[in-house]
Amino acid sequence: MSRALSLLVVDDDASIRRIFRDILAPREDVEIQEAAGAEQALALLRSGTFDAAFVDVRMPGLGGMELLQRVKRERPSIEIVMVTAHGTIESAVEAMRLGAADYLPKPFKLDQVSLILGRLRRVRRLQSENEQLRRQLEERYSPRNLVGLSSPMRRCAEIIDRVRREDCNVLLLGESGTGKELLARSIHYDGTRHERLFVPIDCGAIAPSLLESELFGHERGAFTGAHTRKAGLFEIATGGTVFLDEVGEIPLELQPALLRAIETKEIRPVGATSYRAVDVRILAATNRPLERMVAEGRFRRDLYYRLNTVTVPIPPLRDRRDDIPLLVDHFLRDFAAKGSRAVTGLSRDALRALEIYDWPGNVRELRHAIERACALGRGEEIGVDDLPPDVLRDPGTQEDGPVRSIADMEREALEKLLRQYEGDTARAAQILGIDRSTLYRKVKRWGLRIKKS
């Protein structure tokens with residue numbers, strides 16, 4: 001059975017308090033206390049826990065509107081219902097603007113109070129659910145859950161630990177699949193803005209002509225099809241964090257507007273004539289060489305410096321092979337918790353195959369490989385035959401011979417997959433653990449040709 005609603009009735013008229021008491025006292029799902037004025041109400045609100053308060057607008061001394069503002073500053077979670085015999089549209093609108101949850105005119109009836117109580121109970125349930133979800137998110141993305149004990153990962157974790165409580169912009173640099181968004185969420189949910197929204201956007205997955213509207217919003221009639229006003233992600237995330245994934249894909253012509261939003265904390269929606277204030281923390285990520293793009297004039301230097309107040313280099317999986325057993329164990333426990341087939345571990349040969357593979361898709365590809373092995377394997381232990389074919393065919397790291405660059409390895413892996421699956425981009429993207437838009441960007445970057453089957 002759910003907890004009873006705790007209500008406070010604030011009215012200088014004893015007869016009104018008695019009416020509330022007569023209506024509410026018989027209900028088992030309501031607990032009620034009374035205050036004859038605003039000062040007594042403030043004392044009760046500070047010393048007790050209340051879900052809501054019915055507050056008379058006109059009282060001697062501190063009035064109801066002033067009490068509403070005080071409560072919303074000191075105890076914003078308490079819902080306030082304004083009650084008055086002098087109700088007007090203007091006063092109702094003003095009360096709602098100041099944060100009132102509802103408005104009850106005198107004389108009121110039982111069914112009116114019951115409707116308001118029903119709304120208050122739904123609001124409390126939603127608040128409780130939201131708080132529970134927020135705690136789950138904070139726990140899921142806590143820095144304690146970052147998997148890795150290798151030296152490169154420890155250095156990465158040290159930087160994140162230093163910046164998480166700051167409000168500075170952070171640039172996450174790493175190849176596709178290294179977990180840039182996971183680390184961004186970790187910074188947000190363990191930071192000072194954790195109670196507000198984390199809003200991610202893949203800048204490379206949205207057409208350049210639409211990206212400005214997505215980021216900053218648009219006014220009605222700003223362009224064909226803009227039938228209503230739309231708030232942009234910066235406005236939606238005010239007070240929280242905007243995560244600009246693949247920030248290197250932002251068109252050069254849009255970069256000045258992004259720079260202004262970061263510098264002045266103001267945005268101008270498409271079609272608007274004035275700027276609007278926003279307050280967001282910027283976390284950005286890319287797998288592109290921004291410094292080289294700056295030198296080539298393809299990325300603004302001033303924007304680059306604004307984004308990388310702190311830079312977090314995220315190591316590829318091939319540079320942290322010692323973490324592979326830990327990651328595998330983490331994935332197995334995660335899949336088991338979600339109801340997947342119980343697997344006790346990996347055979348020695350299977351683990352060795354994972355440790356010598358170059359992992360062009362990084363941690364995302366490893367997770368996909370383990371998930372596939374759990375789904376297709378039959379034994380309690382994952383064996384070599386349960387691993388994806390690409391893992392088994394990879395020659396692994398070479399102790400002798402020329403050293404290949406990361407770019408060469410990525411290009412060769414893409415070529416191999418596209419050739420093996422005869423241009424099936426959906427299959428290639430699935431194996432790498434990336435979306436097709438990311439795959440197409442890589443194909444375009446390396447000038448690869450997709451064979452049509």
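The model is a predicted one, so to speak of local features a pLDDT of at least 70 is needed, side-chain atom pairs count only at pLDDT 80 or more, and totals for chains, interfaces and linings use all residues. Residues are numbered from 1 along each chain as its sequence is written, and side-chain values use heavy atoms, with hydrogens and water left out.

Of the 453 residues, 47% count as buried, that is, under 20% relative accessible area with a 1.4 Å probe and protein chains only (exposed is over 50%, partly exposed in between). Taking contacts as heavy atoms within 4.5 Å, residues 24 or more positions apart make up 72% of those with a separation of 6 or more.

Helix α6 covers residues 151-163, and its 13 residues should span 18 Å at 1.5 Å a residue; the end C-alpha atoms sit 19 Å apart, which agrees. The expected span here is 1.5 Å times one less than the number of residues. Met153, Cys156, Ile160 and Val163 are the buried residues in α6. Looking down the axis of α6, they fall within an arc of 90 degrees, so they line one face of the helix; the arc is taken from the directions from the helix axis to the C-beta atoms. Among the elements covering these buried residues are β6 (170-173), α7 (180-189), β13 (281-286) and β14 (310-313).

Thr178 turns up in the loop between β6 and α7 and is buried, with a relative accessible area of 7%. A polar atom of the Thr178 side chain lies 2.7 Å from the backbone oxygen of Glu175. Setting aside neighbours within four places in sequence, Thr178 touches Ile314, Pro315, Pro316, Asn362 and Val363.

Another loop, the one between α13 (324-337) and β15 (345-346), holds Val343, which counts as buried at 15% relative accessibility. Beyond the neighbours within four places in sequence, Val343 is in contact with Leu332, Cys374, Glu380, Glu381 and Ile382. For Val343 and Cys374, 31 residues apart along the chain, the C-alpha atoms are 7.0 Å from each other.

Over in helix α10 (residues 255-264) sits Leu259, buried at a relative accessible area of 6%. Its contacts, leaving out neighbours within four places in sequence, are Arg300, Asp302, Leu303 and Arg306.

As for aromatics, the structure holds 8 pairs. Rings of Phe, Tyr and Trp (its six-membered ring) pair if their centres lie within 6.5 Å, with planes under 30 degrees apart called stacked, over 60 edge-to-face and the rest tilted. Phe20 and Phe54 have ring centres 5.0 Å apart and planes at 45 degrees, so this pair is tilted. Together with Phe108, Phe20 and Phe54 form one aromatic cluster.

Definitions and conventions
Helix = DSSP H or I, 4+ residues; strand = E, 2+ residues; numbered from the N terminus. Polar contact = N/O pair within 3.5 Å; in protein donor to acceptor, adjacent residues only side chain to side chain.
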